[in-house]
Amino acid sequence: MTLNFSIPQETIYSGAAVEQVIIPGTDGEYGVTVNHVPTVSQLKAGVLQIMHAEGEAEKYFVAGGYALTHENSVTDITCPEAVKLDDLDSDVIAKNYEAAKLAYSSAESGSLAHAEAEIEIETNKAMAMALGVTLS
């Protein structure tokens, strides 16, 4: 299958031959291989796995986005942010999570600051889960 994977500031893969892509869809995680049925899905924050011919998975944390699988075994994935799992730091995630909880509790309910803090909490939870770390 062919993968096109991009974020706003960078094209990570363009026309790359891969064995499989495991996508964190909002309706559940699913795998795409050659001759997959065409589909469009929204991504949730989670781990996007790219399986290469060598058998090793390349893993990215994605903060959401969209995946479009075409009839010709081409899958396009566009995300607002993507970070290699190996580049995530669990200590930084834990600190950001605590800061977001504090911001959430001190913001006025229904305010923009309240909503932004809630997004930060959920994103940091998802990153921690991707690393196998439990946040309290």
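Being 3 residues apart in helix 1 (residues 90-106), Glu98 and Lys101 are separated by about one helical turn, helices here being DSSP runs of H or I with at least four residues, and strands DSSP runs of E with at least two, both numbered from the N terminus. These two residues form a salt bridge in which the closest N and O atoms are 3.7 Å apart, the term denoting a side-chain nitrogen of Lys or Arg within 4 Å of a carboxyl oxygen of Asp or Glu. Glu98 is partly exposed at 39% relative accessibility, and Lys101 is likewise partly exposed, at 28%; buried stands for under 20% relative accessible area, exposed for over 50%, and partly exposed for what lies in between, with a 1.4 Å probe and protein chains only.

The model is a predicted one, in which local features require pLDDT of at least 70 and side-chain atom pairs count only at pLDDT 80 or more, whereas totals for chains, interfaces and linings use all residues. Residues are numbered from 1 along each chain as its sequence is written, and side-chain values rest on heavy atoms, with hydrogens and water left out.

The protein chain contains 2 helices and 10 strands, and its elements run from the N terminus as β-β-β-β-β-β-β-β-β-β-α-α. Along the principal axes, the C-alpha atoms of the chain fill a box of roughly 50 × 30 × 25 Å. Of its 136 residues, 38% count as buried, and the accessible surface comes to about 7800 Å², with 49% of this area belonging to carbon and sulfur atoms, as given by the Shrake-Rupley method with a 1.4 Å probe. Among contacts with a separation of 6 or more, 49% involve residues 24 or more positions apart, a contact being defined by heavy atoms within 4.5 Å.

The chain carries 6 positive and 20 negative charges, whose mean positions are 8 Å apart; Lys and Arg count as positive and Asp and Glu as negative, while His and the chain ends are not counted, and each charge is placed at NZ of Lys, CZ of Arg, CG of Asp or CD of Glu. Side chains of opposite charge can pair when their charged atoms come close. In total, the structure holds 3 salt bridges.

The salt bridge between Glu58 and Lys84 has its closest N and O atoms 3.2 Å apart. Glu58 lies in strand 7 (residues 57-62) and Lys84 in strand 10 (residues 82-84), so the pair ties together parts that are 26 residues apart in sequence. Glu58 is buried, with a relative accessible area of 14%, whereas Lys84 is partly exposed at 35%.

The surroundings of Glu58 include two polar contacts between side chains, one with His52 at 2.8 Å and one with Tyr60 at 2.9 Å. A polar contact is a pair of N or O atoms within 3.5 Å; within protein, one atom must be able to donate a hydrogen and the other to accept it, and residues adjacent in sequence count only if both atoms are side-chain atoms. When neighbours within four places in sequence are left aside, Glu58 is in contact with Tyr13, Leu48, Gln49, Ile50, His52 and Lys84.
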